[in-house]
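Visitor: I have the sequence and the coordinates open. Please take me through the fold, a few questions at a time.

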Amino acid sequence: MIDFHTHVLPNIDDGSHSIVTSINMLENASKQGVCQLVCTPHFWPLKATIPEFLQRRALAEGLLKSAIEGRNHPERLPFLKMGAECGWVKNISNYPDLEALCIEDTAFLLLELPMGDWTDEVFEELYRLNTRRGIYPVIAHPNRYAKSIKACDALQSFAELDCLFQVDVNSVLRLTERTFNFRLLTGFVPCVLGSDMHDGSHKAQRMGKALQTIEKQLGAETVRQLSACSAAALQNGGMNRLRSLWSRPGQIPQIP
Ligand SMILES: [Fe+2]
């Protein structure tokens with residue numbers, strides 16, 4: 001499986017604060033069956049410029065990759081791809097150089113949405129990212145916006161966009177959020193998984209358990225489709241390709 005959301009790069013955000021922790025996180029991910037992992041340090045548009053961010057990310061990437069290569073059997077750790085977790089900003093579709101934050105060699109951008117009540121502006125901006133910038137937003141941890149999504153019946157709107165949901169593995173395991181995540185996983189928007197791990201603690205170690213839960217509740221075919229969509233996204237497959245891999249019969253489900 002591929003982990004689309006991690007804070008494994010050392011000393012760049014509120015994630016790992018040392019190489020030792022980063023390696024520990026990678027070892028834990030590997031034990032959970034993660035073969036590729038996207039490094040998505042926070043980028044907050046009002047706090048830094050994209051060139052500044054990329055410079056810091058390249059430094060952290062170099063340090064971590066050197067440490068990996070200095071180990072025995074570096075191939076046993078997940079393969080790393082660079083990305084970012086981009087914070088929301090007003091008029092984000094006009095923000096310069098956003099393409100540089102997309103996951104390496106792809107048009108997929110892990111994006112946090114604003115908290116609170118959503119207006120049409122949120123969907124208009126996502127649509128402009130699609131049409132004006134050629135960017136496919138990957139909506140980070142949609143469980144955090146469950147209230148907003150339910151309030152404006154947003155699943156229909158997301159299904160009309162070229163975007164993905166990054167389902168949070170810890171959220172899948174929380175009984176109070178499980179139903180919401182299962183609605184997403186049985187819905188029309190293709191999904192990928194992310195741990196959002198910030199350190200070497202429990203978050204790094206729950207991908208396997210989340211996959212077991214999804215398989216038990218929704219069947220092995222859902223896990224297979226998650227895996228296929230994840231791989232296709234990292235190969236920069238277009239949305240038509242991902243939709244064909246994420247085949248869903250019937251109507252868009254209502255959230256209870
Ligand atoms: Fe995150």
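Visitor: Which residue in β9 is the bridge partner of Val167?
Guide: Strand β8 covers residues 164–168 and runs parallel to β9, with four bridges joining the two. One of the residues bridged to β9 is Val167, and its partner there is Leu193.

Visitor: How far apart are the end C-alpha atoms of helix α2?
Guide: Helix α2 has 20 residues, 50–69. At 1.5 Å a residue these should span 28 Å, which agrees with the model, where the end C-alpha atoms are apart by 28 Å.

Visitor: Within what arc do the buried residues of α2 fall?
Guide: The buried residues in α2 are Phe53, Arg57, Ala60 and Leu64. Seen down the helix axis, they line one face of α2, because they fall within an arc of 70°.

Visitor: What covers the buried residues of α2, and which residues are exposed on the other side?
Guide: The cover over the buried residues of α2 includes α1 (19–31), β3 (42–43) and β4 (79–82). On the other side of α2, the exposed residues are Pro51, Glu52, Gln55, Ala58, Gly62, Lys65, Ser66 and Glu69.

Visitor: What radius of gyration does the protein have?
Guide: The protein contains 10 helices and nine strands, and 40% of its residues count as buried. A compact globule of 256 residues would have a radius of gyration near 18 Å.

Visitor: Of the contacts with a separation of 6 or more, what share comes from residues 24 or more positions apart?
Guide: The C-alpha atoms fill a box of roughly 50 × 45 × 30 Å along the principal axes. Among contacts in the protein with a separation of 6 or more, residues 24 or more positions apart account for 78%.

Visitor: Over which residues does pLDDT stay under 50?
Guide: The average pLDDT of the protein is 92, and 95% of the residues score at least 70. Where pLDDT is low, the predicted coordinates should not be read in detail. The stretch with pLDDT under 50, for which the model has 13 contacts beyond four places in sequence, is residues 252–256.

Technical notes. Residues are numbered from 1 along each chain as its sequence is written. This is a predicted model: local features need pLDDT of at least 70, side-chain atom pairs count only at pLDDT 80 or more; totals for chains, interfaces and linings use all residues. The expected span of a helix is 1.5 Å times one less than its number of residues. A residue is buried if 20 or more other C-beta atoms lie within 10 Å of its own, exposed if 12 or fewer, and partly exposed in between; C-beta atoms are placed from the backbone. The arc is that of the directions from the helix axis to the C-beta atoms. Two residues are in contact if their C-beta atoms, placed from the backbone, lie within 7 Å. The radius of gyration is taken over C-alpha atoms; the globule rule is 2.2 Å times the number of residues to the power 0.38. pLDDT is the predictor's confidence in each residue, from 0 to 100. Two strands pair if DSSP finds at least two bridges between them.
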